[in-house]
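Please consult the sequence and coordinates displayed below alongside the text.

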Amino acid sequence: MSQQVSAAPESKPAPPPERPATAADAEPLRPDGAFMRQVERDTGISIGACYGCKKCSNGCPVTFAMDLHPYQVVRLAQFGLVESLRASSTIWVCASCQTCLTRCPNEVDLPRLMDYLKQTVAQGQVPAAEEKTLVFHRAFLGEVAKRGRVFEGGMMARYLLKTGGAFGPEAMANAKLGLAMFKRGRLKLLPHRTRDRRWLKAVFKAKEAGS
Amino acid sequence: MRQVGYYPGCSLTSTAIDYHESIMGVAELLDIELAEVDDWNCCGATAAHSLDHAAALNLGARNLALAARGPQPVVVPCALCFNRLKTTQHELASDTSGVVAEIAALGGDYAGAHVVELNRFLTSEGIIAEARSKAVASLAGLKPVCYYGCQGQRPPKITGHPAPENPTGIDRLLSALGAEVIDWPYKTDCCGASHSLARADIVHHLVARLYQEALDRGANCIVTGCQMCQANLDLYQQEIAGQMGRAVNLPIFYFTELMGLALGHRQTERWLARHMVDPLPLARSVKTA
Ligand code: SF4
Ligand code: SF4
């Protein structure tokens, strides 16, 4: 009879290594599904369908600049940890490249979830982790709200004024680039706009023009 | 002459005027009349979908309603505009309640606009064959990698793209025109898009990877069909090369410019002269080849 390999009673698995206690040990996490249900109701994003395979994060091109990886965003949303999500840079760093959504086996619309979270920050009192990105988006929308199209000169002026960089090194680099582009006929001095602009007020009613 | 609709988007009227001019030139060579969507508005880009979903929806709805009134299909050169229009169309197919009255009054035929990305329209088998038959110069000597970026392909449920991870249209077109196209794995990777102002470091990191791979594979230029990709790859090249510690001299062509070059459009050099990384020496070496 061949010898059977059986686990010797004395080779029990080693106990897990000691880990320093964290705040989470003192206050156990209580998952709260209210936020998840609210997002699903507002947007149809199936946050609950995520099973944590991390395919989204493996393909994401900007994880090197993120404080939360995309799958962690979904996980925190499942748990209802909204404040951590609102405070994260990830929601602004996401480039909306749609790779995660394309590859997710459960079609979790992560880019849209990032948008949803950005909107709650933009409309709320918490500062954005990437303030300059928020200012850039607002400068862009300010142009659209005013003219129906975007005038790059006007947008840059808004952006630089709000980021306090009108005379800083960033502004100087941009000015140099702007001049080089102007010489090549790629910057217009006069804005262009849609002929009809009556609809703009209805679309941007809640926004103060120029903010 | 064949007539199709054309939605240029904001960039093509200013910073990407070279792209717009080359599109007009190519349309002329192929006997296509591009009818601009009357009174089109900004698609809202990343800013609108990031901060104001209702605005993004309405900006798209107005464009679609206007586009539906003109000739079809409606070709869109900017990958982001294309993506925004298609995403809005998808949303409006099931729910139009968010559209404001002023825009709903335009007729509401949102599904009537047949939106197609320009680089797919111009790389159909028929157009490739026509371009080849009209070519007066071979693009031999040009060793491009083709860079499609993200928004034209993804997500396929919205874009309808048959090969979102490996598009081949521009590769096939340029090969047919004589270029020695080089395959590479970064065709649809992200260039950082709208981060170029607020987080330039992200754009530089992503673009450096693209240069690295293109150079390692022996490419002598990069060809794109998106003006955001073109800008991010062209505008900061020497700065990024400095950070990489590697010499980079990669002209960044629009595929339409190379069509103009092969088909002998007299204004091709004028379009190319608007770039930052000078493509003229390479373009001229091709012409005399
Ligand atoms: S790919 Fe989809 S299912 Fe997998 S972790 Fe990411 S969101 Fe969850
Ligand atoms: S959409 Fe955002 S989170 Fe998803 S892969 Fe792209 S950058 Fe990453």
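Leu179(A) is partly exposed, with a relative accessible area of 47%; here buried means under 20% relative accessible area, exposed over 50%, and partly exposed in between, with a 1.4 Å probe and protein chains only. The residue belongs to helix α11 (residues 169-183) of chain A. Helices (H or I, at least four residues) and strands (E, at least two) are DSSP runs, numbered from the N terminus. Accessible areas come from the Shrake-Rupley method with a 1.4 Å probe, and for residues only the protein chains shown count as cover.

The model is predicted: local features need pLDDT of at least 70, side-chain atom pairs count only at pLDDT 80 or more, and totals for chains, interfaces and linings use all residues. Residues are numbered from 1 along each chain as its sequence is written, chains are lettered from A and ligands numbered from 1 in the order in which they are written, and side-chain values use heavy atoms, with hydrogens and water left out.

## Overall features of chain A

Chain A contains 12 helices and 0 strands. Of its 211 residues, 45% are buried. The accessible surface of chain A amounts to about 12200 Å², and carbon and sulfur atoms account for 56% of that area.

Contacts (heavy atoms within 4.5 Å) can also be sorted by separation along the chain. Among those in chain A between residues at least 6 apart in sequence, 61% join residues at least 24 apart.

## Ligand shells

Ligand 2 is surrounded by 13 residues, the closest being Cys60(A), Cys94(A), Ala95(A), Cys97(A) and Cys100(A). Helices α7 (99-103) and α8 (110-123) of chain A are the elements that contribute two or more residues to this shell. A residue is counted as near a molecule or strand if one of its heavy atoms lies within 4 Å of it. The shell around ligand 2 comprises 10 nonpolar, 3 polar and no charged residues. In this classification Ala, Val, Leu, Ile, Met, Phe, Trp, Tyr, Cys and Pro count as nonpolar, Asp, Glu, Lys and Arg as charged, and the others, Gly among them, as polar.

The residues around ligand 1 include Cys50(A), Cys53(A), Cys56(A) and Cys104(A). Lys54(A), Lys55(A), Tyr51(A) and Tyr71(A) are also among them. By class, the shell of ligand 1 has 8 nonpolar, 2 polar and 2 charged residues.

## Salt bridges

Side chains of opposite charge can pair when their charged atoms come close. Over all chains, the structure holds 22 salt bridges, each defined as a side-chain nitrogen of Lys or Arg within 4 Å of a carboxyl oxygen of Asp or Glu. In helix α5 (residues 82-86) of chain A, Glu83(A) and Arg86(A) lie 3 residues apart, about one turn of the helix, and their side chains meet in a salt bridge (3.1 Å, N to O). Asp115(A) and Lys118(A) are likewise paired, with 3.1 Å between the closest N and O atoms. Both lie in helix α8 of chain A, 3 residues apart. Asp115(A) is buried at 8% relative accessible area, and Lys118(A) is buried at 2%.

In chain B, Glu28(B) forms a salt bridge with Arg266(B), the closest N and O atoms being 3.6 Å apart. Glu28(B) lies in helix α1 (residues 17-29) and Arg266(B) in the loop between α13 (255-263) and α14 (268-272) of chain B, so the pair ties together parts that are 238 residues apart in sequence. Glu28(B) is partly exposed, at 46%, whereas Arg266(B) is exposed, at 65%. Salt bridges with shared partners also join Glu130(A), Arg199(B) and Asp201(B) into one network.

Val223(B), in strand β6 (residues 221-224) of chain B, is buried with a relative accessible area of 0%. Not counting residues up to four places away in sequence, Val223(B) touches residues including Pro144(B), Ile170(B), Leu174(B), Phe253(B) and Tyr254(B). The C-alpha atoms of Val223(B) and Tyr254(B) are separated by 5.6 Å, although the two residues are 31 apart along the chain.

Glu21(B) lies in helix α1 of chain B and counts as buried at 16% relative accessibility. Apart from neighbours within four places in sequence, Glu21(B) is in contact with Arg270(B), Trp271(B) and Arg274(B).
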